[in-house]
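Please open the model in your viewer and keep the selection panel at hand. The stops below go from one interface to another.

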Amino acid sequence: MPGKLKAKIVAGRHLPVMDRASDLTDAFVEVKFGNTTFKTDVYPKSLNPQWNSEWFKFEVDDEDLQDEPLQITVLDHDTYSANDAIGKVYIDIDPLLSSEAATVISGWFPIYDTIHGIRGEINVLVKVELFNDLNRFRQSSCGVKFFCTTSIPRCYRAVMVHGFVEELVVNEDPEYQWIDRIRTPRASNEARQRLISLMSGELQRKIGLKVLEMGGNAVVGYLQCFDLEGESGLVVRAIGTACTLDKLSNTYTPATAINPCNSSPSKDIKDSPQAVPSALGCRSTHSSPVHSASSRLSQGFSVSVPTLLFAGMKHRHRSSDGPRARQCRAGFGEEAPGVPLSSGPPTPLRAQTFSSFSPSKSYSRQSSSSDTELSLTPKTGMGSGGSAGKEAGPLKALLRQQTQTALEQREFPFFTLTSFPPGFLLHVGGVVSARSVKLLDRIHNPALGNTRSYKLLDWNSFTADEPETRDAWWEEIRQEIKSHAKALGCHAVVGYSESTSICEEVCILSASGTAAILSSRFMQDSALDTEHRLSRQQASVFTSGAEKGEGDMGSTASLGFEDLMSPGCAFCHIPYDELNMPFPAQLTYCHCCRRYKVPDVLFTTIDLPTEANVTGKGCLIQARLCRTKKKAQGEGNATAISNLLPFLEYELHTQLMNKLKLRSMNALFGLRIQISVGENMLLGLASATGVYLTALPSPGGIQIAGKTPSDITYEQHISNMQKKINDTIAKNKELYEINPPDLVEEVIGSPIPEPRQRSRLFRSHSESSDEVSELDLSHGKKDAFVLEIDDTDAVEDIHSLLTDAPTPPGFYSCNTEIMPGIYNWTSALQMFTSVRVFRLSNVNLTNQGLNKVFNDLCENLLKSLYFKLRSMVPCCLCHVNFTVAVPEDELIQVAVTAVAMSFDKDQTQENGRQSIDKNLMKAITENEDQLQFPLELSAESSSNPLNSAKGLSEVSGPLPSARAPSVDYSSFTDRCSSWIEQLRLKAHTIRCGSIKTMSSLEKASPLPEGRSRSLRSNRSYAGSSVTVVKMTPLSFIPGTKIIKYLGIINMFFIRETTSLREEGGVSGFLHSFIAEVFAMVRAHVAALGGNAVVSYNMKECVFMENPNKNQAQCLINVSGDAVIFVRESELEATPPQPHSASAQTSSSGEGT
Amino acid sequence: MSVELDVFVGNTTIMDKEVYQLWLNGYTVNDAVKVRIEGGVMEECEASAEVLLSDTMDQFRTFQMCERLLQNPAKLANQLLFQIPPDRQAMLIERYYAFDDDVVREVLGKKLSKGTKKDLDDVSAKTGITLKSCRRQFDNFKRVFKVVEELKGPLVENIKQHFLLPDQLARDYAAIVFFANNRFETGKKKLQYLTFQDFAFCAGQLINNWTVGAVDNMVEDMDVDLDKEFLQDLKDLKILITDKDLLDQHKSLVCVALRGKTKVFNEMEANFKNLSRGLVNIAAKLTNTKDVRDFFIDLVEKFIEPCKSDKWTATDVNLYLTHYTNSAHILDTFKHQNVWTRYMGVIKSCILRMYHE
């Protein structure tokens, strides 16, 4: 029972009037944790009560600490009737459980009521005293850190990446319990909020346990989702990547201040003893032999081929669920021993841990869905995982075995990360994805008895528990993904994510990721974590690796060297065997290194690797599709959906490819395909960021061909269209600054092994010289992408191609973390959420009509965003995240969350110092504008001589004069207080008499200082102003350095109204709700002592309305990482742009 | 086919000054969109009318949600719902409390009651300002009035502190509150030529010199109510017109001083006793609330109009009032020098401000 939770209720403000007679409120507070409740005294007749309570102490298990939220209820005392609730605050105390995160929660929290929204604020202090628990069998996992960020967090370095962790918990949804019929909406909403809070606490704890078991101390890329399955219950599931992280302890010393933390883990890893790549470094060269064998990659879908590798879909229905599931079990049982590498004692965690990657044929193939053939195609080439390696000969085997060692003992070699420490990601195969259509059934509930039990009985070998069913569903899909990755010659899946779409009782489960080959550098010790079970294998693998290695030492070494020489292209090189390609694709030699084969296009779900060579800028590319579907029930519905899915995916893919070509780009990053199912339609939305990878061949144009060239006007029409397309391509090239380097010299200079290749190179040469005129004809069928216009689909494609409006001048957009080609970000940023719901009044829409509506909806939404944010130009919308849903019959809902970031246009060539000064200037002028403390500032500038030592002096001169009308509302309070602090320190140094001491002094006391500072700022401004909290979906804030992660923010809110019209209709209702959610997130972050949320994500926004009853309800789930950041300018002169910095360092590092 | 729901929420609340002004002016969303289209924002940003409509709706909604906070500006700074930079907050508040002189002129001195509010449609028709805007302005007056009514300390400072208004605006509100509290008549036809700024100036004079606050600065209502003792003392000034000797003496002193310095000397000489009686009678009657209300009318009727009919210039008036005030100090038997100075100082500056040539 190792924990004491202490809470103190300080005061309230802006409370609502609860007593009409006096226009006042007699408020008191209930503080509840677990089953213990404390109350404050009633503070009579005030809207700003000062309770100043004692410390309420709860003595609890750390298990409870992890699961339960602290629940604070504010009530109005009523002598004669029941006390009225004003509202509640749920505080997740998890951040207090990790020694490295926050130490105290203190601040103003909005008091939230699910019916009335925010009603005043309450000031609360929370602390936790944790005792050490050495119990081996403990159920808690305190201390495991969670990060939403899908890369190694910026003030940590990865010692080891352990791999995939997942868990799910289920429960009945309170909204659907019988009691819901008699209780108030408020009570039911609160029950739901509380339940979900409990469930996610439990989920996090369980995942934490798994991480501890693996030997890790953190989960990165933690993604938690809710499935509101309605009648059948509530599922909370999470996936993440277990890691061992080391805090960069020296963040504050001047030494590292010079190499700023934002320079990404890369550098820090270099310093770390572990990372010295001795034997392991060699291993990372393994990949080369395969490439020299020449082959070519693809992203898993190539349009000309109907091999949708990614489209694995299964349709399961109730009747067959049981037997099939059993089969799948059996399959595991049989296969596991059959695969030598994965044999070994079972892990303590799950019995099915090594279900081999041999494809899931035994169970997945039997489904009747039409698409199985599709997904089979690629797989036939490889049979099982083991065989692929053997066929490819010894080199291949070496490669596989070496790199797989660490991965293959894992059940699922999946990584939710989207960007990686340099050297970790070796090759990228392409996107793999799998979907499965399921029929939902009531989640196991013993009370309900036998009606459902027939189904449960099918699981005779297991305790028939529903989590197992859901687990099994996901397991199937993951197996599928794994086998797809195999087919691409990859042993790992990165950028992995899972999602669901539920409509009535049909549920589509989707998973997608990018097949990749990873360096084992960060996984070397993975055997340790699962203890002895792997050690034997490890040994055997090493020996086999060594044997094979000897034979090919020379080539491996030299090729490996080559690999290091051109890190910017290595990840593009195909990981699979050219002779044994999973699907037809065109391969060329890499345009960077000219040694290895690369595909003509590359699709991935990850962020653009920092070291990648990119030509020009990127842009957001979306494919949108809407397909009608007949209304149906149950199985019929599920069948209909699974029949439609492959076509939907195929068309989405075609659209993506067309749009990519139209922009003259050859790779997609951050690809996210969302399929949403409604009663009478299916929506598909694919978003990605297109770029031109220098290593990949220049894309051919798009050629339009009519099938019946009889009519003259028809030909005219076609040639018009062709011209339009060519013009657009030319325009886009200019817009995105895509001028691939002229290849002639390289062609001459480099040894060209095969004549075939030479011709290819020449081709690309001619292509770049006279682009537009020759686009379609010069390369003939080989490269130009042919659209046959007879096809109605093609008409639609062309239509959607040409209706995509270009972004207005000054705007760029992408759905990845950053935009390639833009480095000089300013600190101005604006995160926003925009939601639109569109009603289709015309019920009998054709597919085309529907498509156009959907397309226009998305386009208009984007246009509105550009207009709204026009004051930030030049700017880039980053991490544009679209979510579509079909909440009702004729409604389409689109929600976008993104961040707009300004950048400096003039300064394309970044040179450290200058841009810092500029940034700093900007920051200061901004601050000065809003500054409430002119005194401190002037004191600052008057202390010039001292400043000079700190790089601040450059600005103190122009400071009063240069005053820009700033947009950014940066954390000026924090800045101010830190200035004050600097002043103090300076004063101190005067006494010490040495400037050097000063700087070291300043940086010497890292975290407590940061904490106390923000605390102080909270204090001193309490009542007068509010801590500014920045929010961003990115993992960083330009121009700043994250000095501390305070813990994960994971909040779930429900808002309901029975007076929709009075609240301004649906828009008014949702507008205030979203604003309230933001406010609550900010308040929690501020209370933790933070000033920003990074990796912010609105994972769920479920909106339901009933205008006739004047009612609406909305559920929102958000997550992110609370952090403390400081401006780089405050620390030391550092290159302001983290990504470029890390790109530079990493490439130089790679070279050595 | 229609957009059923359309919202945009930024972490930092986005507010366009231009749209805010349109909202304050009481435009409907559609009118505002028209104005914006005419303003050329579309060409500037390649936007369509649809986009503009969506943006305008969204911002109007934001302003509506903020309105509750704007009505209590102190809350705006420490509320958590909207993250608004301080300079923006100041802008929002200042513009929200800004008013049209034409509108305030119509309600100046009236009781800020529901009745007056009902008459706002007339005000709207007369001034051409939308009813919605008139209502907002009226509600602002009333709100400020209610809050400062019961506060101690200087009026202008209280307004500044509670409503976070800039100095000039706070002074104007002080004038409005002062007029409303004392119910000065400003609507009579004879007073129509006076602008709000004229009255605001006079209010400033009265507040600074005639209220309780002018002598004691920690009383309730100190700046809103006239100093009763002082008004009582003003009765003593009557001696200037009741005592025949004193009146003659006063007249001759003024005449001596003015002879040859003004073109309207003869008219002045002829009218001296009337004018003097007028001013002193105003002073003597101020103990009656009713007469306080008529203060400005009396000034116009008893002094400004006679002078106007004699074609005095503002310089003449200034000269006359200066000597009229100073000469009384020389009168041996006139004992009420302090009261006289306090009274005439205000009268002089008010008359000069109100004397439009």
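How many residues of chain A are in contact with how many residues of chain B? Select both chains: 59 residues of chain A are in contact with 41 residues of chain B, where contact means heavy atoms within 4.5 Å. This is a predicted model, in which local features need pLDDT of at least 70 and side-chain atom pairs count only at pLDDT 80 or more, while totals for chains, interfaces and linings use all residues. Residues are numbered from 1 along each chain as its sequence is written, chains are lettered from A in the order in which they are written, and side-chain values use heavy atoms, with hydrogens and water left out.

The size of an interface is often given as the accessible area lost when the parts come together. Chain A and chain B bury about 4,400 Å² between them, 59% of it on carbon and sulfur atoms; this buried area is the accessible area (1.4 Å probe) that two parts lose on being put together, summed over both.

Next, select A:K868 and B:D55, which form a salt bridge with their closest N and O atoms 2.8 Å apart. The rule (a side-chain nitrogen of Lys or Arg within 4 Å of a carboxyl oxygen of Asp or Glu) finds five salt bridges across the interface of chain A and chain B.

The largest share, 13 residues, comes from α33(A).

Then display β26(A) together with strand β1 (residues 2-10) of chain B: the two pair in the antiparallel sense over eight bridges, pairing being assigned if DSSP finds at least two bridges between two strands. At A:R839, the bridge partner in β1(B) is B:S2.

For the last stop, stay within chain B, where the domain assignment (automatic or from a database) gives domain 1 (17-85), domain 2 (101-214) and domain 3 (228-354). The centres of domain 1 and domain 2 of chain B, taken over C-alpha atoms, are separated by 27 Å, and the area buried between these domains is about 730 Å², of which carbon and sulfur atoms give 52%. In domain 1 of chain B, select B:L24, B:Q71 and B:P73, which lose the most area to domain 2 of chain B, together 53% of what that side buries.

Definitions and conventions. Helix = DSSP H or I, 4+ residues; strand = E, 2+ residues; numbered from the N terminus.
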